[in-house]
Amino acid sequence: MRNAIDDSRIFEVASSVKDDEVLRLSQDLIRIPSIYGQEKELAEHIAGTLEGWGLRMKTVPVKGYGPCVVCAVGKGAKRSIVLNGHMDTVEVKEGWSHDPFGAKVQGGFLYGLGALDMKSGLAALMIAFRTIADSGLPLRSGVTFQAVSGEEDNGIGTRTLISRGFLKGAKAAIVGEGFGGLRVITNARRGASYYDIDLLGRSAHGATPELGVNAVADAARVVVALDNMKMKTAPNLLSEELKPLRETQTVLNISGGSFSLSVPDRCSVNLVRFTLPNRRTDAREELASVIRALRLGSSTVISLKEDPGDLYHPYLTSPASDLVRTASKWVGKHAGASPKLVCGVSEADDNKIAELGNVPVICLGPGERGRLAKYHQPDEAISTRQLGLAARIYCSTVLELARTP
Ligand SMILES: [Zn+2]
(Lines give C-alpha, C1' and ligand atoms only; values in the text may rest on other atoms or scores of the structure.)
Protein backbone atom coordinates (compact mmCIF):
# COMPACT_ATOMS: atom_id res chain seq x y z
CA MET A 1 0.00 0.00 0.00
CA ARG A 2 1.57 3.22 -1.22
CA ASN A 3 0.20 5.31 1.64
CA ALA A 4 1.02 3.03 4.57
CA ILE A 5 3.40 4.71 6.98
CA ASP A 6 6.12 2.08 7.00
CA ASP A 7 9.77 2.81 7.67
CA SER A 8 10.80 2.87 4.03
CA ARG A 9 8.03 5.34 3.16
CA ILE A 10 9.02 7.50 6.17
CA PHE A 11 12.63 7.48 5.00
CA GLU A 12 11.56 8.41 1.49
CA VAL A 13 9.40 11.34 2.67
CA ALA A 14 12.10 12.62 5.02
CA SER A 15 14.73 12.35 2.30
CA SER A 16 12.77 14.83 0.20
CA VAL A 17 13.91 17.60 2.58
CA LYS A 18 16.43 19.81 0.77
CA ASP A 19 19.45 21.02 2.74
CA ASP A 20 19.42 24.34 0.88
CA GLU A 21 15.89 25.10 1.83
CA VAL A 22 16.52 24.68 5.56
CA LEU A 23 19.65 26.83 5.22
CA ARG A 24 17.77 29.61 3.40
CA LEU A 25 14.97 29.64 5.96
CA SER A 26 17.53 29.71 8.82
CA GLN A 27 19.13 32.75 7.14
CA ASP A 28 15.75 34.49 6.79
CA LEU A 29 15.04 33.95 10.49
CA ILE A 30 18.48 35.24 11.55
CA ARG A 31 18.08 38.40 9.44
CA ILE A 32 15.01 39.44 11.43
CA PRO A 33 16.20 40.55 14.89
CA SER A 34 14.12 39.00 17.68
CA ILE A 35 15.77 39.74 20.99
CA TYR A 36 13.43 38.57 23.76
CA GLY A 37 10.47 40.92 24.08
CA GLN A 38 10.90 41.99 20.45
CA GLU A 39 9.70 38.87 18.62
CA LYS A 40 6.74 40.50 16.85
CA GLU A 41 8.30 40.98 13.43
CA LEU A 42 9.73 37.46 13.36
CA ALA A 43 6.40 36.01 14.53
CA GLU A 44 4.69 37.80 11.64
CA HIS A 45 7.28 36.46 9.21
CA ILE A 46 6.82 32.89 10.45
CA ALA A 47 3.02 33.21 10.36
CA GLY A 48 3.23 34.55 6.79
CA THR A 49 5.57 31.74 5.73
CA LEU A 50 3.21 29.08 7.11
CA GLU A 51 0.26 30.73 5.35
CA GLY A 52 2.26 30.91 2.14
CA TRP A 53 2.67 27.14 2.42
CA GLY A 54 -1.11 26.83 2.55
CA LEU A 55 -1.21 26.01 6.27
CA ARG A 56 -3.72 27.47 8.71
CA MET A 57 -2.04 29.01 11.72
CA LYS A 58 -2.99 30.90 14.86
CA THR A 59 -1.16 33.59 16.76
CA VAL A 60 -1.41 33.60 20.55
CA PRO A 61 -0.68 36.92 22.29
CA VAL A 62 1.91 36.97 25.09
CA LYS A 63 1.86 40.09 27.24
CA GLY A 64 5.07 42.09 26.88
CA TYR A 65 6.48 39.81 24.14
CA GLY A 66 5.80 38.94 20.53
CA PRO A 67 2.97 36.45 20.00
CA CYS A 68 3.48 32.70 19.73
CA VAL A 69 2.60 31.11 16.39
CA VAL A 70 0.83 27.75 16.42
CA CYS A 71 -0.04 25.55 13.45
CA ALA A 72 -1.63 22.09 13.57
CA VAL A 73 -2.35 19.31 11.09
CA GLY A 74 -4.19 16.03 11.53
CA LYS A 75 -7.50 17.47 12.57
CA GLY A 76 -9.70 15.16 14.59
CA ALA A 77 -6.77 13.28 16.14
CA LYS A 78 -7.17 13.17 19.89
CA ARG A 79 -3.49 13.44 20.74
CA SER A 80 -0.77 15.37 19.05
CA ILE A 81 2.98 15.44 18.66
CA VAL A 82 4.33 18.90 19.35
CA LEU A 83 7.33 20.52 17.66
CA ASN A 84 8.36 23.49 19.79
CA GLY A 85 11.05 26.09 19.17
CA HIS A 86 11.75 29.56 20.49
CA MET A 87 11.98 32.62 18.25
CA ASP A 88 13.77 34.92 20.67
CA THR A 89 17.49 35.37 21.16
CA VAL A 90 19.60 37.01 23.84
CA GLU A 91 21.00 40.54 23.27
CA VAL A 92 23.94 41.19 20.93
CA LYS A 93 26.98 40.53 23.11
CA GLU A 94 30.27 42.43 22.71
CA GLY A 95 32.90 41.13 20.32
CA TRP A 96 31.14 40.06 17.11
CA SER A 97 33.43 40.00 14.07
CA HIS A 98 30.50 39.10 11.75
CA ASP A 99 27.25 41.00 11.34
CA PRO A 100 25.02 39.30 13.94
CA PHE A 101 22.05 39.75 11.55
CA GLY A 102 23.98 39.09 8.32
CA ALA A 103 23.46 35.30 8.25
CA LYS A 104 26.67 34.83 6.31
CA VAL A 105 27.91 31.35 5.42
CA GLN A 106 31.68 30.92 5.65
CA GLY A 107 33.79 27.77 5.86
CA GLY A 108 30.73 25.57 6.28
CA PHE A 109 29.31 27.61 9.14
CA LEU A 110 26.29 29.90 9.26
CA TYR A 111 27.02 32.93 11.44
CA GLY A 112 24.46 35.02 13.27
CA LEU A 113 22.67 35.75 16.50
CA GLY A 114 20.47 32.72 17.09
CA ALA A 115 22.32 30.53 14.58
CA LEU A 116 22.74 27.95 17.37
CA ASP A 117 20.14 29.15 19.80
CA MET A 118 17.91 28.40 18.01
CA LYS A 119 16.88 29.74 14.63
CA SER A 120 18.39 26.89 12.64
CA GLY A 121 16.49 24.45 14.86
CA LEU A 122 13.33 26.49 14.34
CA ALA A 123 13.82 26.46 10.56
CA ALA A 124 14.40 22.69 10.59
CA LEU A 125 11.21 22.19 12.64
CA MET A 126 9.24 24.33 10.16
CA ILE A 127 10.50 22.48 7.08
CA ALA A 128 9.87 19.12 8.78
CA PHE A 129 6.36 20.24 9.70
CA ARG A 130 5.59 21.31 6.15
CA THR A 131 6.99 18.06 4.74
CA ILE A 132 4.76 16.08 7.11
CA ALA A 133 1.71 18.19 6.23
CA ASP A 134 2.38 17.77 2.49
CA SER A 135 3.13 14.04 2.69
CA GLY A 136 -0.51 13.05 2.41
CA LEU A 137 0.18 10.16 4.77
CA PRO A 138 -2.73 9.06 6.99
CA LEU A 139 -1.63 10.53 10.33
CA ARG A 140 -3.35 8.99 13.33
CA SER A 141 -1.96 11.58 15.76
CA GLY A 142 -2.11 15.31 15.20
CA VAL A 143 1.11 17.24 14.63
CA THR A 144 1.54 20.77 15.99
CA PHE A 145 4.25 23.32 15.34
CA GLN A 146 4.78 26.02 17.99
CA ALA A 147 7.08 29.03 17.62
CA VAL A 148 7.32 30.64 21.05
CA SER A 149 8.51 33.95 22.50
CA GLY A 150 10.29 34.89 25.72
CA GLU A 151 12.22 31.65 26.22
CA GLU A 152 15.47 33.44 26.97
CA ASP A 153 13.71 35.54 29.59
CA ASN A 154 11.51 33.25 31.67
CA GLY A 155 9.83 30.83 29.32
CA ILE A 156 6.68 32.93 29.21
CA GLY A 157 5.70 31.92 25.64
CA THR A 158 5.62 28.19 26.30
CA ARG A 159 4.01 28.75 29.69
CA THR A 160 1.28 30.79 27.98
CA LEU A 161 0.63 28.00 25.48
CA ILE A 162 0.46 25.44 28.30
CA SER A 163 -1.97 27.56 30.32
CA ARG A 164 -4.13 28.11 27.23
CA GLY A 165 -4.37 24.34 26.70
CA PHE A 166 -2.17 24.06 23.59
CA LEU A 167 -0.23 21.09 25.02
CA LYS A 168 -3.18 19.38 26.65
CA GLY A 169 -3.17 15.64 26.07
CA ALA A 170 -0.13 15.87 23.79
CA LYS A 171 1.48 12.52 23.15
CA ALA A 172 5.04 13.83 22.94
CA ALA A 173 6.99 17.04 22.43
CA ILE A 174 10.28 17.73 20.69
CA VAL A 175 12.00 21.02 21.49
CA GLY A 176 14.28 21.73 18.54
CA GLU A 177 17.16 23.02 20.59
CA GLY A 178 20.33 21.01 20.18
CA PHE A 179 22.55 21.19 23.22
CA GLY A 180 25.57 19.48 21.73
CA GLY A 181 24.12 18.73 18.30
CA LEU A 182 22.40 15.78 16.69
CA ARG A 183 24.63 13.14 18.27
CA VAL A 184 22.89 13.64 21.61
CA ILE A 185 19.30 13.70 22.79
CA THR A 186 18.46 15.63 25.93
CA ASN A 187 15.87 13.42 27.64
CA ALA A 188 16.30 14.87 31.12
CA ARG A 189 17.03 18.20 32.67
CA ARG A 190 17.98 19.44 36.12
CA GLY A 191 15.54 21.58 38.03
CA ALA A 192 16.37 25.07 39.26
CA SER A 193 15.31 26.76 42.47
CA TYR A 194 16.24 30.17 43.82
CA TYR A 195 16.50 31.07 47.52
CA ASP A 196 16.76 34.24 49.58
CA ILE A 197 18.51 33.69 52.89
CA ASP A 198 17.89 36.68 55.16
CA LEU A 199 20.01 37.11 58.27
CA LEU A 200 19.01 39.31 61.16
CA GLY A 201 21.73 40.18 63.71
CA ARG A 202 21.80 42.98 66.28
CA SER A 203 23.09 46.46 65.75
CA ALA A 204 25.59 48.11 68.12
CA HIS A 205 28.21 50.84 67.90
CA GLY A 206 30.94 49.79 65.48
CA ALA A 207 33.60 50.35 68.12
CA THR A 208 31.98 47.78 70.43
CA PRO A 209 31.25 44.75 68.21
CA GLU A 210 30.95 42.51 71.26
CA LEU A 211 27.64 44.22 72.05
CA GLY A 212 26.07 43.34 68.69
CA VAL A 213 25.59 40.42 66.32
CA ASN A 214 27.22 41.04 62.94
CA ALA A 215 24.85 39.82 60.20
CA VAL A 216 27.46 40.36 57.44
CA ALA A 217 30.07 38.25 59.23
CA ASP A 218 27.46 35.53 59.80
CA ALA A 219 26.42 35.69 56.15
CA ALA A 220 30.05 35.17 55.15
CA ARG A 221 30.05 31.93 57.21
CA VAL A 222 26.83 30.91 55.47
CA VAL A 223 28.39 31.49 52.04
CA VAL A 224 31.42 29.35 52.88
CA ALA A 225 29.23 26.60 54.30
CA LEU A 226 26.99 26.61 51.21
CA ASP A 227 30.01 26.49 48.96
CA ASN A 228 31.40 23.48 50.84
CA MET A 229 28.19 21.44 50.87
CA LYS A 230 28.59 17.97 49.47
CA MET A 231 26.39 17.68 46.40
CA LYS A 232 24.80 14.52 45.03
CA THR A 233 25.82 12.83 41.77
CA ALA A 234 23.60 10.71 39.53
CA PRO A 235 25.97 7.97 38.34
CA ASN A 236 23.55 6.79 35.62
CA LEU A 237 22.95 10.17 34.03
CA LEU A 238 25.34 12.06 31.78
CA SER A 239 25.56 15.82 31.55
CA GLU A 240 25.88 17.60 28.21
CA GLU A 241 29.64 17.41 28.78
CA LEU A 242 29.26 13.61 28.95
CA LYS A 243 30.32 13.55 32.60
CA PRO A 244 28.26 12.07 35.47
CA LEU A 245 25.52 14.52 36.28
CA ARG A 246 25.93 16.44 39.53
CA GLU A 247 23.73 18.64 41.61
CA THR A 248 25.26 22.10 42.02
CA GLN A 249 24.50 25.33 43.78
CA THR A 250 25.88 28.82 43.33
CA VAL A 251 25.76 31.86 45.61
CA LEU A 252 24.63 34.64 43.29
CA ASN A 253 24.63 37.64 45.56
CA ILE A 254 25.40 38.82 49.08
CA SER A 255 24.22 42.20 50.24
CA GLY A 256 23.96 43.96 53.56
CA GLY A 257 25.67 46.23 56.02
CA SER A 258 25.81 49.98 56.41
CA PHE A 259 28.36 52.76 55.95
CA SER A 260 27.78 54.24 59.39
CA LEU A 261 29.95 53.05 62.24
CA SER A 262 27.54 50.33 63.27
CA VAL A 263 27.56 46.57 63.59
CA PRO A 264 25.43 45.54 60.58
CA ASP A 265 22.19 43.90 61.62
CA ARG A 266 20.95 42.71 58.21
CA CYS A 267 22.40 40.76 55.33
CA SER A 268 20.92 38.68 52.52
CA VAL A 269 22.36 35.85 50.45
CA ASN A 270 20.83 34.68 47.16
CA LEU A 271 21.42 31.14 46.02
CA VAL A 272 20.46 29.03 43.03
CA ARG A 273 20.40 25.25 43.27
CA PHE A 274 20.23 22.90 40.28
CA THR A 275 18.55 19.66 41.28
CA LEU A 276 18.89 16.16 39.84
CA PRO A 277 15.92 14.34 38.32
CA ASN A 278 14.03 12.37 41.00
CA ARG A 279 15.29 14.68 43.75
CA ARG A 280 13.24 17.23 45.67
CA THR A 281 13.43 20.67 44.11
CA ASP A 282 12.79 22.45 47.40
CA ALA A 283 16.09 22.34 49.32
CA ARG A 284 15.06 24.62 52.20
CA GLU A 285 15.29 21.90 54.86
CA GLU A 286 18.73 20.80 53.72
CA LEU A 287 19.99 24.39 53.66
CA ALA A 288 18.47 25.08 57.08
CA SER A 289 20.24 22.13 58.68
CA VAL A 290 23.61 23.27 57.31
CA ILE A 291 23.01 26.79 58.60
CA ARG A 292 21.78 25.54 61.99
CA ALA A 293 25.04 23.65 62.47
CA LEU A 294 26.93 26.96 62.24
CA ARG A 295 25.29 28.16 65.50
CA LEU A 296 25.18 31.74 64.29
CA GLY A 297 24.20 34.66 66.49
CA SER A 298 21.96 35.96 63.71
CA SER A 299 18.58 34.47 63.06
CA THR A 300 17.97 33.28 59.51
CA VAL A 301 14.92 32.95 57.29
CA ILE A 302 15.18 30.92 54.08
CA SER A 303 12.60 31.57 51.40
CA LEU A 304 12.09 29.79 48.11
CA LYS A 305 11.05 31.85 45.08
CA GLU A 306 7.95 30.02 43.96
CA ASP A 307 6.93 32.02 40.92
CA PRO A 308 6.65 29.68 37.89
CA GLY A 309 9.28 31.85 36.14
CA ASP A 310 11.73 31.08 38.99
CA LEU A 311 11.00 27.52 40.01
CA TYR A 312 11.80 24.71 37.57
CA HIS A 313 11.31 21.05 38.45
CA PRO A 314 13.69 18.47 36.99
CA TYR A 315 12.39 15.85 34.60
CA LEU A 316 13.45 12.55 33.10
CA THR A 317 11.76 11.10 30.02
CA SER A 318 12.38 7.37 30.15
CA PRO A 319 14.92 5.97 27.68
CA ALA A 320 12.33 3.21 27.12
CA SER A 321 9.60 5.69 26.09
CA ASP A 322 8.29 5.66 22.51
CA LEU A 323 9.58 9.21 22.08
CA VAL A 324 13.19 8.54 23.09
CA ARG A 325 13.39 5.18 21.30
CA THR A 326 11.89 6.52 18.09
CA ALA A 327 14.03 9.67 18.00
CA SER A 328 17.18 7.62 18.77
CA LYS A 329 16.36 5.20 15.98
CA TRP A 330 15.99 7.97 13.37
CA VAL A 331 19.08 9.84 14.52
CA GLY A 332 20.90 6.55 13.99
CA LYS A 333 19.43 6.01 10.52
CA HIS A 334 19.99 9.55 9.23
CA ALA A 335 23.18 10.57 11.09
CA GLY A 336 24.83 7.15 11.01
CA ALA A 337 25.41 6.77 14.76
CA SER A 338 23.17 6.20 17.75
CA PRO A 339 22.85 9.29 19.92
CA LYS A 340 23.89 9.49 23.56
CA LEU A 341 21.21 10.42 26.06
CA VAL A 342 22.18 13.43 28.14
CA CYS A 343 20.75 15.59 30.87
CA GLY A 344 20.52 19.36 30.42
CA VAL A 345 22.20 21.22 33.26
CA SER A 346 20.24 24.49 33.09
CA GLU A 347 16.53 25.24 33.08
CA ALA A 348 14.61 25.55 29.80
CA ASP A 349 11.16 25.29 28.23
CA ASP A 350 11.23 21.50 28.29
CA ASN A 351 11.15 21.62 32.12
CA LYS A 352 7.81 23.40 31.88
CA ILE A 353 6.47 21.10 29.15
CA ALA A 354 7.24 18.10 31.39
CA GLU A 355 6.07 19.69 34.63
CA LEU A 356 3.08 21.85 33.72
CA GLY A 357 2.06 20.10 30.51
CA ASN A 358 2.82 16.59 31.83
CA VAL A 359 4.02 15.63 28.34
CA PRO A 360 6.99 13.35 27.50
CA VAL A 361 9.61 15.69 26.06
CA ILE A 362 13.10 15.74 24.59
CA CYS A 363 15.41 18.42 23.21
CA LEU A 364 17.04 17.55 19.92
CA GLY A 365 18.43 19.79 17.25
CA PRO A 366 21.36 21.32 15.45
CA GLY A 367 24.01 22.42 17.93
CA GLU A 368 27.70 22.43 18.69
CA ARG A 369 29.95 21.31 21.54
CA GLY A 370 33.32 22.31 22.95
CA ARG A 371 34.85 25.54 21.64
CA LEU A 372 32.25 25.75 18.85
CA ALA A 373 29.42 25.90 21.37
CA LYS A 374 29.11 29.69 21.32
CA TYR A 375 25.70 29.87 22.95
CA HIS A 376 25.03 33.43 24.13
CA GLN A 377 28.47 34.45 22.82
CA PRO A 378 29.75 36.60 19.93
CA ASP A 379 30.23 34.89 16.54
CA GLU A 380 27.61 32.27 17.29
CA ALA A 381 27.60 29.82 14.38
CA ILE A 382 26.21 26.46 13.31
CA SER A 383 27.73 23.97 10.90
CA THR A 384 25.42 24.02 7.88
CA ARG A 385 25.54 20.26 7.26
CA GLN A 386 23.35 19.72 10.33
CA LEU A 387 20.40 21.75 9.10
CA GLY A 388 18.75 19.43 6.58
CA LEU A 389 19.73 16.45 8.70
CA ALA A 390 17.83 17.85 11.67
CA ALA A 391 14.70 18.35 9.55
CA ARG A 392 14.92 14.77 8.24
CA ILE A 393 15.25 13.39 11.77
CA TYR A 394 12.24 15.44 12.99
CA CYS A 395 10.19 14.41 10.00
CA SER A 396 10.90 10.69 10.43
CA THR A 397 10.46 10.66 14.20
CA VAL A 398 7.13 12.47 14.02
CA LEU A 399 5.79 10.33 11.17
CA GLU A 400 6.59 7.15 13.05
CA LEU A 401 5.00 8.45 16.27
CA ALA A 402 1.98 9.63 14.26
CA ARG A 403 1.26 6.27 12.68
CA THR A 404 -0.50 5.20 15.87
CA PRO A 405 -3.25 7.16 17.65
ZN1 LIG B 1 17.61 28.51 23.45
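Residues are numbered from 1 along each chain as its sequence is written, and side-chain values use heavy atoms, with hydrogens and water left out. In this predicted model, local features need pLDDT of at least 70 and side-chain atom pairs count only at pLDDT 80 or more, while totals for chains, interfaces and linings use all residues.

## Domains and their interface

The chain is divided into domain 1 (7-189 + 314-401) and domain 2 (192-304). These bounds come from an automatic or database domain assignment. Taken over C-alpha atoms, the centres of domain 1 and domain 2 are 37 Å apart. Each side contributes to the contact (heavy atoms within 4.5 Å): 15 residues from domain 1 and 15 residues from domain 2.

Between them, domain 1 and domain 2 bury about 1200 Å². Buried area is the accessible area (1.4 Å probe) that two parts lose on being put together, summed over both. Carbon and sulfur atoms carry 63% of the area. On the domain 1 side, Pro314, Cys343 and Val345 supply 40% of the area buried against domain 2, more than any other three residues.

How many salt bridges are there between domain 1 and domain 2? The count is 0, where a salt bridge is a side-chain nitrogen of Lys or Arg within 4 Å of a carboxyl oxygen of Asp or Glu. Polar contacts number 2 residue pairs across this interface, both at pLDDT 80 or more. A polar contact is a pair of N or O atoms within 3.5 Å; within protein, one must be able to donate a hydrogen and the other to accept it, and residues adjacent in sequence count only if both atoms are side-chain atoms.

With 5 residues, β16 gives the most. Helices (H or I, at least four residues) and strands (E, at least two) are DSSP runs, numbered from the N terminus.

## Nonpolar cores

A nonpolar core is a set of buried Ala, Val, Leu, Ile, Met, Phe, Trp, Tyr and Cys residues joined through side-chain atoms within 4.5 Å. The largest one has 67 residues, and Ile46, Phe145 and Leu364 have the most contacts inside it. Helix α4 (residues 115-134) supplies the largest share of this core, 12 residues. Another core, of 22 residues, lies apart from it; Val62, Ile156, Ala170 and Phe179 are among its members.

Leaving out residues up to four places away in sequence, Phe145 touches residues including Ile46, Leu50, Val69, Leu122 and Phe129.

Buried means under 20% relative accessible area, exposed over 50%, and partly exposed in between (1.4 Å probe, protein chains only).

| Residue | Relative accessible area | Class |
|---|---|---|
| Cys395 | 0% | buried |
| Ser26 | 0% | buried |
| Pro209 | 48% | partly exposed |

Cys395 lies in helix α10 (residues 385-401). Beyond four places in sequence, Cys395 contacts Val13, Ala14, Ala128, Thr131 and Ile132. The C-alpha atoms of Cys395 and Ala128 are 4.9 Å apart, although 267 residues separate them along the chain.

Ser26 sits in helix α2 (residues 19-31). A polar atom of the Ser26 side chain lies 2.7 Å from the backbone oxygen of Val22. Beyond four places in sequence, Ser26 contacts Leu110, Lys119, Ser120, Ala123 and Leu387.

Pro209 is in the loop between β9 (191-200) and α6 (215-227). Pro264 is 55 residues from Pro209 in sequence and 9.6 Å away in space, C-alpha to C-alpha.
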